[in-house]
Amino acid sequence: MFGYVNANWKELTQAQQERYGAVYCGICRSIHHRVSNPARAVLSYDMAFLALLHMSLYEPEENAGKNRCVLHVLRPRAWVDNPCVDYAADMNVALAYYKAQDDLQDEGKTSAKLLLSMLEPHMEAIRQRWPRQCDAMKACMEELRELEGANTANPDLPASCFGRLMAELMVYQEDQWQEELRNLGFALGRFIYLADAMLDYDRDKRKKQYNPFLAMGQGRDTGKWEQYLVLAMARCTESYEKLPLVQDKPLLDNILYSGVWVQYRAKVKKEETNG
């Protein structure tokens, strides 16, 4: 999840902001302990949604505390820890690894090479803990590369491919909730892929890189494209509402019903400002 699945902070209560921040700090702390201190550079607020969703669904026992860290040396920051937080930390690192692998193969980015060298020593342990999820990430990223290399003109194909990746990531354990979690993740993954394609349209056109909307031979049609996003999020929230969530439900509602759109609009505004 790449910068979209975040809260609308202005609409959160003080207690919700503190809870959200504690989960985020918990994931950061978990990456430090389970992987390495430098690996915390890949931390994303999107993973806080993943942790909160699983915490609300499974309600694991939580540990909590306050600590200073390199980024917050003056004031201790609250954190929470539980298996769902650890899972989100592992998925955060795995996603960053496979994304860096893709960036290196596609564009030869030096930053991607450095990131891979930092994360590679820890990936085998993550693969052993979560083979299904890591296999799905690897397979879907390879399929995406093939679809993009073939200049696929149907946006549904790459969007659904990324949806399948997110579907497996969303399933923490295969149980009675796995179907709705997969449906939720599939729709959310489609939203993320299509939103990125929309925002990258002008840049991809300028750089002559793959974009499904360019491959279709379309000019910019933001209004039509945003209908795809609305449909994807409608399907995402339909599955979300079928889950028996109580703990942190208002915070999760904020993210899915408001936060994703606030983040999307902010990215659109940034692209327009940067030309």
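This is a predicted model: local features need pLDDT of at least 70, side-chain atom pairs count only at pLDDT 80 or more; totals for chains, interfaces and linings use all residues.
1. Which residues of α11 are buried? They are Lys249, Leu251, Leu252, Asn254, Ile255, Leu256, Gly259, Val260, Gln263, Tyr264 and Val268. The partners against which these buried residues pack are four other helices, namely α1 (14-34), α2 (46-58), α7 (178-199) and α10 (222-240).

2. Asparagine 254 deserves a separate look within α11. With a relative accessible area of 9%, this residue falls under the 20% limit and is therefore buried. When its neighbours within four places in sequence are left aside, asparagine 254 is in contact with Ala7, Asn8, Glu11, Leu12 and Gly259. For leucine 12, the separation from asparagine 254 is 242 residues in sequence but 7.6 Å in space, C-alpha to C-alpha.

3. Aspartate 248 is found in the loop between α10 and α11. Although this residue is not a glycine, it has a positive phi of about 60°. Its relative accessible area is 16%, and aspartate 248 is accordingly buried.

4. Glutamate 59 also has a positive phi, here of about 50°, although it is not a glycine. This residue lies in the loop between α2 and β1 (63-67). Is glutamate 59 buried or partly exposed? At 49% relative accessibility it counts as partly exposed, because that value lies between the 20% and 50% limits.

5. Arginine 19 is a residue of helix α1, and it is buried, with a relative accessible area of 18%. Leaving aside neighbours within four places in sequence, the contacts of arginine 19 are with Leu52, Met55, Glu62, Val80, Gln247, Asp248 and Leu251.

6. Helix α6 has 15 residues and reaches 20 Å from its first C-alpha to its last, close to the 21 Å expected at 1.5 Å a residue. Why can α6 be called largely enclosed by the rest of the structure? The reason is that 12 of its 15 residues are buried. Among them are Pro158, Cys161, Phe162, Leu165, Glu168 and Met170, and the buried residues of this helix pack against α2, α3, α5 and α7.

7. The largest pocket has a volume of about 1300 Å³. It is lined by 41 residues, of which Lys99, Asp103, Glu107, Asp196 and Asp200 are the closest to its centre. The elements giving two or more residues to this lining are α3 (83-107), α5 (131-149), α6 (156-170), α7, α8 (201-207) and α11, so that both α6 and α11, described above, take part in it. The largest share, 10 residues, comes from α3. Sorted by type, the lining of the largest pocket divides into 22 nonpolar, 4 polar and 15 charged residues.

8. The second largest pocket holds about 340 Å³ of space. Which of its 15 lining residues lie nearest its centre? They are Cys25, Cys28, Arg29, Arg40 and Cys69. At least two residues of this lining are supplied by each of α1 and β2 (77-81), and α1, the helix that holds arginine 19, gives the most, with 6 residues. By type, the lining of the second largest pocket consists of 7 nonpolar, 4 polar and 4 charged residues.

Key:
Residues are numbered from 1 along each chain as its sequence is written. Side-chain values use heavy atoms; hydrogens and water are left out. Buried means under 20% relative accessible area, exposed over 50%, partly exposed in between (1.4 Å probe, protein chains only). Contact means heavy atoms within 4.5 Å. On a 1 Å grid over the protein atoms alone, a cavity is a set of points where a 1.4 Å probe fits but cannot get out, and a pocket is an open set with protein on both sides within 12 Å along at least five of seven lines; lining residues have an atom within 4 Å of a point. Grid points are joined across faces, edges and corners, and a volume is the space filled by probe spheres set on the points. Ala, Val, Leu, Ile, Met, Phe, Trp, Tyr, Cys and Pro count as nonpolar, Asp, Glu, Lys and Arg as charged, and the others, Gly among them, as polar. The expected span of a helix is 1.5 Å times one less than its number of residues.
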